[in-house]
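Here's a quick briefing on the fold you have open.

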Amino acid sequence: GIGDVLAGTMSAYMAWYTILNGGNTGSDLQGLKQQRAFAVWTACCTVKRATKLAFDNKRRAMSSRDVLGNICGVIAHMEDDIESY
């Protein structure tokens, strides 16, 4: 369900952080915890936006597949928001 979409999105964001960090988590445990918390928070925001879009389109007939179908567009929109700063 939607929890699976959230779990996968969190995993993707954590993996992207590891890749961007060169696979080096370093010895800064506090910094690592903050990055993990940020990845989880960002994943929650992503899935929340995707769920809203799915609900707006399908109402109560929406499923996790509808949410998953909106993830790519939500991420692109979030990237555009970041680039505009």
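Start with α1 and α2, whose axes lie 8 Å apart and pack at an angle of about 140 degrees (axes are lines fitted to C-alpha atoms, for helices over the stretch in contact, and angles run from 0 to 180 degrees between N-to-C directions). α1 and α2 are therefore oblique to each other; on this scale, under 35 degrees is roughly parallel, over 145 roughly antiparallel, 65 to 115 roughly perpendicular, and the rest oblique. This is a predicted model, with local features needing pLDDT of at least 70 and side-chain atom pairs counting only at pLDDT 80 or more, while totals for chains, interfaces and linings use all residues. Residues are numbered from 1 along each chain as its sequence is written, and side-chain values use heavy atoms, with hydrogens and water left out.

**Overall layout**

- The protein chain has three helices and zero strands, where helices (H or I, at least four residues) and strands (E, at least two) are DSSP runs numbered from the N terminus.
- Going along the sequence, you get the pattern α-α-α.
- The C-alpha trace spans about 45 × 30 × 15 Å along its principal axes.
- Of the 85 residues, 22% count as buried, with buried meaning under 20% relative accessible area, exposed over 50% and partly exposed in between (1.4 Å probe, protein chains only).
- If you take the contacts (heavy atoms within 4.5 Å) between residues at least 6 apart in sequence, 69% join residues at least 24 apart.

**How the helices pack**

- The crossing of α1 and α2 is right-handed; the rule is that a crossing is right-handed if the near helix is turned clockwise from the far one by less than a right angle, and left-handed if anticlockwise.
- On the α1 side of that pair, the residues involved include L6, M10, M14 and Y17, and on the α2 side they include L32, Q35, R36 and V40.
- α1 and α3 have axes that come within 9 Å and cross at roughly 30 degrees. That makes α1 roughly parallel to α3.
- The α1–α3 crossing is right-handed too, and I2, V5, T9, Y13 and W16 in α1 meet S64, V67, L68, I71 and I75 in α3.
- For α2 and α3, the axes come within 8 Å and cross at roughly 120 degrees, so this pair is oblique.
- α2 also passes α3 in a right-handed crossing. Among the residues that meet there are T42, R49, L53 and K58 in α2, and D66, N70, H77 and D81 in α3.

**The nonpolar core**

- What makes up the largest nonpolar core? There are 12 residues in all: V5, Y13, A39, A43, V47, A50, A54, V67, I71, V74, I75 and M78.
- Each of α1, α2 (29-58) and α3 (64-83) supplies at least two residues of this core.
- A core here is a set of buried Ala, Val, Leu, Ile, Met, Phe, Trp, Tyr and Cys residues joined through side-chain atoms within 4.5 Å.
- In soluble globular proteins, nonpolar side chains tend to be buried together.

- A39 sits in helix α2 and is buried, at 6% relative accessible area.
- The C-alpha atoms of A39 and Y13 are separated by 5.4 Å, though the two are 26 residues apart along the chain.
- Setting aside neighbours within four places in sequence, A39 is in contact with Y13 and M14, while A43 is in contact with L6, T9, M10 and Y13.
- T9, in helix α1, counts as buried at 8% relative accessibility.
- G1 is in the segment before α1 (2-20) and is exposed, with a relative accessible area of 53%.
- G1 and L68 are 67 residues apart in sequence, yet 9.8 Å apart in space, C-alpha to C-alpha.

**Cysteines**

- How many disulfides are there? The count is zero, taking a disulfide as a pair of cysteine sulfur atoms within 2.5 Å.
- The closest cysteine sulfur to that of C45 is in C44, and at 7.0 Å this is too far for a bond.
- C72 is in no disulfide either, as the nearest cysteine sulfur, that of C45, is 18 Å away.
- C45 is partly exposed at 23% relative accessibility, whereas C72 is exposed at 62%.
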